[in-house]
Amino acid sequence: MTSTPSILLNPGRVLAGAGSLSQLTELASYFQARRVLIITTKSVAALVDAPRRSLEAAGLSVTVIANTPPEPEVADVQAIEAQARAAGSFDLVVGIGGGSAMDVAKIMAVLLAHNMDLRDVLSKKVEITARGLPNIMVPTTSGTGAEATPNSIILVPEDELKIGIVSPRLLPDAVILDPLLTLSLPPDVTASTGMDALTHAIECYCSKKGNVFSDLYALEAIRLIALSIRLAVQDGSNIAARADMLMGAYWGGVCIATSSTTAVHALAYPLGGKYRMAHGLSNAILLPSVMAFNQVGCEVRFAAMARAMALPVGDLDDHAAAAAFVQALHQLNTDLGIPDNLKSLGIQASDLDGLVDGASKVTRLLDNNPRSMTRDDMRQIYAALI
Ligand SMILES: NC(=O)c1ccc[n+]([C@@H]2O[C@H](COP(=O)([O-])OP(=O)(O)OC[C@H]3O[C@@H](n4cnc5c(N)ncnc54)[C@H](O)[C@@H]3O)[C@@H](O)[C@H]2O)c1
Ligand SMILES: [Fe+2]
């Protein structure tokens with residue numbers, strides 16, 4: 001057990017299980033809502049019809065904004081804010097979608113409640129000093145865990161950078177974890193977002209900010225995801241596997257809120273900001289290499305994660321079990337059809353300097369990596385993938 005002072009942040013109400021979205025209206029009435037803003041994305045807009053009808057049947061007014069793009073940028077959030085303001089005022093925000101839709105919904109709850117300007121928040125000119133409108137997050141990917149984190153991540157295209165707005169006041173008020181909403185997720189997105197969730201758990205478990213809470217939830221996330229990710233990718237209609245993935249991703253988000261991701265996410269940042277690579281995919285590709293780097297000094301924790309993954313390491317010492325853990329991450333990517341390099345995604349040797357510059361700026365995460373990582377180390381990790 002670690003004795004680092006720590007805090008467990010959990011959304012106030014968490015509903016889980018197949019069909020739990022049907023309880024949205026009850027939850028809205030708990031928040032005494034009359035005017036509901038639903039922020040979602042086109043690919044899941046059809047899933048919003050039933051809850052919308054149910055809310056309206058209960059006498060609530062509902063506005064649905066269904067055009068959140070993947071990996072939203074400043075202009076996208078501003079356009080959605082303009083649509084929301086034109087539609088009237090609200091007393092509840094519901095985000096239904098992957099991390100992209102939920103991140104927009106989370107920051108929208110603050111912008112609308114306090115008339116704040118997104119640019120001011122991103123540049124830290126103004127601080128988020130109070131919670132926004134009551135909000136409920138409903139994930140439809142099993143990845144970011146944004147439903148459990150105090151973060152909202154927005155792309156700033158002119159800086160080729162993603163900025164994480166981080167405030168405990170962004171932590172959602174309630175969450176609905178309904179695996180039925182994830183059945184339509186295509187295999188490649190299931191694989192990459194699932195590996196993102198696994199990365200959260202692994203990084204938070206080994207982070208310098210790791211603590212009694214992440215020690216508990218990370219191992220459970222790793223167990224669930226390792227058990228079910230292949231099944232969910234092979235057969236998207238497997239509800240039990242989908243439920244494991246959704247819970248695993250949620251626990252991963254809880255881990256981020258109490259601990260921190262580390263070098264995998266730091267090195268993934270410039271791939272998302274400059275090259276627009278999907279968040280889950282960039283993390284998945286980097287995970288085995290960064291873990292091979294981190295293995296030195298982390299053998300005991302790596303061995304514990306190998307056991308959580310149910311790898312056959314019972315007879316091995318910690319050093320050998322840690323090596324088996326890193327090998328298993330490579331194998332998992334192979335089994336899920338995730339590329340083992342960045343070259344096939346268009347990254348070239350001439351991009352190395354920019355990538356290292358971009359990653360080095362993410363000190364918020366790099367500082368928590370269990371093994372300190374120099375610019376040369378980063379260069380070597382990227383170069384080996386090109
Ligand atoms: N707030 C946080 O704590 C946090 C943490 C990590 C990443 N993020 C951010 O989250 C975003 C990525 O989120 P994501 O990985 O969940 O992907 P996403 O939300 O971008 O979704 C990926 C794609 O899948 C589609 N989709 C979503 N659910 C679907 C479903 N059930 N069926 C069919 N299609 C579906 C989306 O429309 C999109 O095209 C990035 O912007 C990233 O920076 C946020
Ligand atoms: Fe992530």
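Which helix gives the most residues to the shell around ligand 1? That's H4, with four residues. What you have here is a predicted model, where local features need pLDDT of at least 70, side-chain atom pairs count only at pLDDT 80 or more, and totals for chains, interfaces and linings use all residues. Residues are numbered from 1 along each chain as its sequence is written, while chains are lettered from A and ligands numbered from 1 in the order in which they are written.

**The big picture**

- The protein has 15 helices and eight strands; helices (H or I, at least four residues) and strands (E, at least two) are DSSP runs, numbered from the N terminus.
- Its radius of gyration is 20 Å, close to the 21 Å from the globule rule for 386 residues, so the protein is as compact as a globular protein of that length. That radius is taken over C-alpha atoms, and the rule is 2.2 Å times the number of residues to the power 0.38.
- Along its principal axes, the C-alpha trace spans about 60 × 45 × 40 Å.
- Buried residues make up 54% of the 386 residues. A residue is buried if 20 or more other C-beta atoms lie within 10 Å of its own, exposed if 12 or fewer, and partly exposed in between, with C-beta atoms placed from the backbone.
- Take the contacts between residues at least 6 apart in sequence: 77% of them join residues at least 24 apart. Two residues are in contact if their C-beta atoms, placed from the backbone, lie within 7 Å.

**Two domains**

- The protein is divided into domain 1 (13–182) and domain 2 (187–384), with bounds that come from an automatic or database domain assignment.
- The centres of the two domains, taken over C-alpha atoms, are 26 Å apart.
- Where they meet, 25 residues of domain 1 are in contact with 28 residues of domain 2. The domain 1 side of that meeting has 12 nonpolar, nine polar and four charged residues.
- On those classes: Ala, Val, Leu, Ile, Met, Phe, Trp, Tyr, Cys and Pro count as nonpolar, Asp, Glu, Lys and Arg as charged, and the others, Gly among them, as polar.

**Around ligand 1**

- Ligand 1 is surrounded by 31 residues, and the closest are Gly98, Gly99, Ser100, Ala146 and Thr149. Being near here takes a C-beta atom, placed from the backbone, within 6 Å of the molecule.
- The elements that give two or more residues to this shell are helix H4 (99–114), strand E6 (151–156), helix H6 (187–206) and helix H10 (279–294).
- By class, the shell splits into nine nonpolar, 18 polar and four charged residues.

**Strand E8 and its partners**

- Strand E8 covers residues 174–177: Ala174 and Ile176 point one way, Val175 and Leu177 the other, and all are buried.
- Strand E1 (residues 13–16) runs parallel to E8, joined by four bridges, and Leu15 stands opposite Ile176.
- Strand E5 (residues 135–139) also pairs with E8 in the parallel sense, over two bridges, and here Met137 stands opposite Val175. Pairing takes at least two bridges found by DSSP.
- Val175 counts as buried because it has 25 C-beta neighbours inside 10 Å.
- Leaving aside neighbours within four places in sequence, Val175 is in contact with Pro11, Val14, Met137, Glu147 and Ala148. Ala148 sits 27 residues away along the chain, yet the two C-alpha atoms are separated by 7.9 Å.

**Covered helices**

- Helix H9 (residues 263–273) is mostly covered, with 11 of its 11 residues buried.
- Helix H11 (299–308) is mostly covered too, with seven of its 10 residues buried: Arg301, Phe302, Ala303, Ala304, Met305, Ala306 and Ala308.
- The buried residues of H11 pack against H6, helix H7 (212–234) and H12.

- Ala310 counts as exposed because it has 12 C-beta neighbours inside 10 Å.
- Lys124 has a phi near 65 degrees, a positive value in a residue other than glycine. Lys124 is in the loop between helix H5 (118–122) and E5, and is exposed, with 10 other C-beta atoms within 10 Å.
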